[in-house]
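Please look over this protein model.

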Amino acid sequence: MTPKRVLAACALAAAAALFVALIFVPILFGASQFMFGGSVNGGCVDTSGAGAQPAEAGDAKSIPANYLDLYKKAGKDYGIPWNVLAGIGEVETGHGTSNAQGVHSGENYAGAGGPMQFLDPTFKSFAVDGNKDGKKDRYDPADAIPTAAAYLKHNGAPQRMKTAIFQYNHSWDYVNMVLAWAKRYGGGDFKVVQSNGVDCQDNDLPANASALVQKIIAFALAQRGKPYVFGATGPDAWDCSSLVQAAYRAAGLGIPRTTFEQWPFGLKIAKGKEQPGDLVFFNSGPGTSADNPGHVGMVIGKGKMIVASCSSCVPAIGVKTYKRPDWVGVTRPLASPKLKGKVAELAAQQQPGG
C-alpha cells in the first residue's frame with residue numbers, strides 16, 4: 001500500500017471510530033446513568049417501602065404452592081418483594097415446571113441450571129442453604145430461590161430493583177418481562193423502587209448546628225446525584241475535596257483545594273467528638289497513608305457524612321457512613337486560626353440587627 005493510501009485508510013478508520021464513539025458512547029452513558037445513578041438533576045427517591053411485601057393477586061394462584069411459599073419466605077428474609085422473585089421464576093423456568101435442558105439437571109446452552117437458572121460460579125458465590133439440610137443445591141428450589149434473593153440484594157435490590165434484575169440477566173426486555181409478571185402476581189398498585197442513590201430520608205439538616213454550618217451542609221447535600229470526576233471543581237461534577245471546598249465557599253469561607261492541603265488546615269478533633277461541618281479523612285487513594293490521607297467527606301451527624309466517593313459508586317455523591325476501617329481522623333476548619341476572624345464576622349451577621 002502506498003503512503004498516500006495508508007494515510008487515507010488511517011483517516012477513514014479514524015472517522016469511522018469517531019462515528020461509533022458519537023453513537024455508541026452516549027448510549028452507554030445513558031445506560032450507566034440509569035444503572036449506576038449520577039443524574040445531574042435527579043431528586044431524592046423515597047426508598048422506605050422498597051422491601052414491602054405485597055398481597056397476592058389472583059394470578060398468584062397459578063404458582064405451585066411450594067414455590068409460592070418459598071418466594072414469600074425469601075422475600076421476607078431478604079427484603080425483596082416476593083412477587084419479583086416469582087417473576088424471575090416464571091420467566092426462567094415457569095416455577096420449575098419446564099422440562100428444558102438444565103432445569104432439573106445438567107445445564108442449558110449458556111451453562112445455567114436449576115429453577116432460577118444460575119451459572120455454577122455465580123451460584124457458588126451466593127449460594128444459600130435454604131432448607132438447612134447441609135447442602136447448597138442449585139436444582140433445589142429451597143436453595144435456589146433464597147440464593148436469587150441474596151444475589152438481587154447484592155446487586156442493589158430492593159432500592160435499585162431494575163438495576164439488580166438487569167444484573168441477573170443482561171437484557172432490558174428481560175427486566176420488563178420479570179416486572180410484568182411481578183405486577184400480575186402482586187396485589188394492589190405494585191411499583192418497584194429504582195433509586196438514583198439519593199435517599200429522601202437524608203434530606204434533614206442537623207438541628208443542633210449553627211446557621212453557618214447548616215448553610216455549608218445544605219450546599220453539599222444539593223450536589224447529590226451529580227457525578228464524581230477526579231479533578232472536577234463543579235458545578236456539574238466534583239471530586240471529594242472540591243465538594244467540601246465549594247460547600248465552605250458557598251458560606252463565605254475559603255479552605256484549601258486538595259485533601260492533602262485540607263488535612264493540616266483545620267483543628268484536629270478526637271474521634272467521637274466530631275460535629276456537623278467537620279471534615280473526616282480516610283487512608284484511601286494512591287500515595288496516601290495514616291498521616292497523609294487522600295480522601296475526605298463532611299460530617300452531617302449520626303455517623304453520616306456527605307461525600308463525593310468515586311465515579312462508579314452509587315451514589316457518586318451522597319450520604320454515607322464515615323465509621324469505616326480506613327477512617328484516619330477529623331478536623332474542624334471552622335476552628336482554624338486562618339478562619340476564626342471570618343467565622344466570627346459571619347456569625348455576627350446571623351444575629352438580629354447584624
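## Basis and overall fold

This is a predicted model, in which local features need pLDDT of at least 70, side-chain atom pairs count only at pLDDT 80 or more, and totals for chains, interfaces and linings use all residues. Residues are numbered from 1 along each chain as its sequence is written, and side-chain values use heavy atoms, with hydrogens and water left out.

The protein has eleven helices and eight strands. Helices (H or I, at least four residues) and strands (E, at least two) are DSSP runs, numbered from the N terminus. Of the 354 residues, 45% count as buried. Buried means under 20% relative accessible area, exposed means over 50%, and partly exposed lies in between (1.4 Å probe, protein chains only). Among contacts between residues at least 6 apart in sequence, 61% join residues at least 24 apart. Contact means heavy atoms within 4.5 Å.

Two packed helices are described by the angle between their axes and the distance between the axes. Axes are lines fitted to C-alpha atoms, for helices over the stretch in contact, and angles run from 0 to 180 degrees between N-to-C directions.

| Pair | Angle | Axis distance |
|---|---|---|
| α2 (residues 65-78) and α3 (residues 82-93) | about 130 degrees | 8 Å |
| α2 and α5 (residues 141-154) | about 35 degrees | 9 Å |

How are α2 and α3 set to each other? They are oblique. Angles under 35 degrees count as roughly parallel, over 145 as roughly antiparallel, 65 to 115 as roughly perpendicular and the rest as oblique. The crossing of α2 and α3 is right-handed. A crossing is right-handed if the near helix is turned clockwise from the far one by less than a right angle, and left-handed if anticlockwise.

On the α2 side, Leu-68, Tyr-71, Lys-72, Ala-74 and Gly-75 make the contact with Trp-82, Leu-85, Ala-86 and Gly-89 of α3. By class, six of these residues are nonpolar, two polar and one charged. Ala, Val, Leu, Ile, Met, Phe, Trp, Tyr, Cys and Pro count as nonpolar, Asp, Glu, Lys and Arg as charged, and the others, Gly among them, as polar.

The crossing of α2 and α5 is also right-handed. Here α2 uses Tyr-67, Leu-70, Tyr-71, Ala-74 and Tyr-78. They meet Pro-141, Ala-142, Ile-145, Pro-146, Ala-149, Ala-150 and Lys-153 of α5. This contact has eleven nonpolar residues, no polar ones and one charged residue.

## An enclosed helix

Helix α6 (residues 161-168) has six of its eight residues buried, so the rest of the structure largely encloses it. The buried ones are Met-161, Thr-163, Ala-164, Ile-165, Phe-166 and Tyr-168.

## The six-stranded sheet

What is the strand order of the open sheet? The order is β3-β8-β4-β5-β6-β7, with antiparallel pairing. Two strands pair if DSSP finds at least two bridges between them. The edge strands are β3 (267-269) and β7 (317-321), each pairing on one side only. Neighbouring strands are turned by 40 degrees against each other on average, direction ignored.

Strand β8 (residues 327-332) pairs with β3 over three antiparallel bridges. Lys-268 has Thr-331 as its bridge partner, and Ile-269 stands opposite Val-330. Four bridges join β8 to β4, again antiparallel. Here Phe-282 is the bridge partner of Trp-327. Five of the six residues of β8 are buried.

Helix α9 (residues 240-250) lies across β4 (279-282), β5, β6 and β7, at about 45 degrees to β5.

Arg-332 is found in β8. Is Arg-332 buried or exposed? Arg-332 counts as buried, because its relative accessibility is 19%. Not counting residues up to four places away in sequence, Arg-332 touches Gly-266, Leu-267, Ile-269, Lys-273, Glu-274, Gln-275 and Asp-278.

Ser-195 is in the loop between α7 (172-185) and α8. Ser-195 is buried, with a relative accessible area of 5%. With residues up to four places away in sequence left out, Ser-195 touches Val-45, Thr-47, Gln-159 and Arg-160. Ser-195 and Pro-158 are 37 residues apart in sequence and 9.2 Å apart in space, C-alpha to C-alpha.
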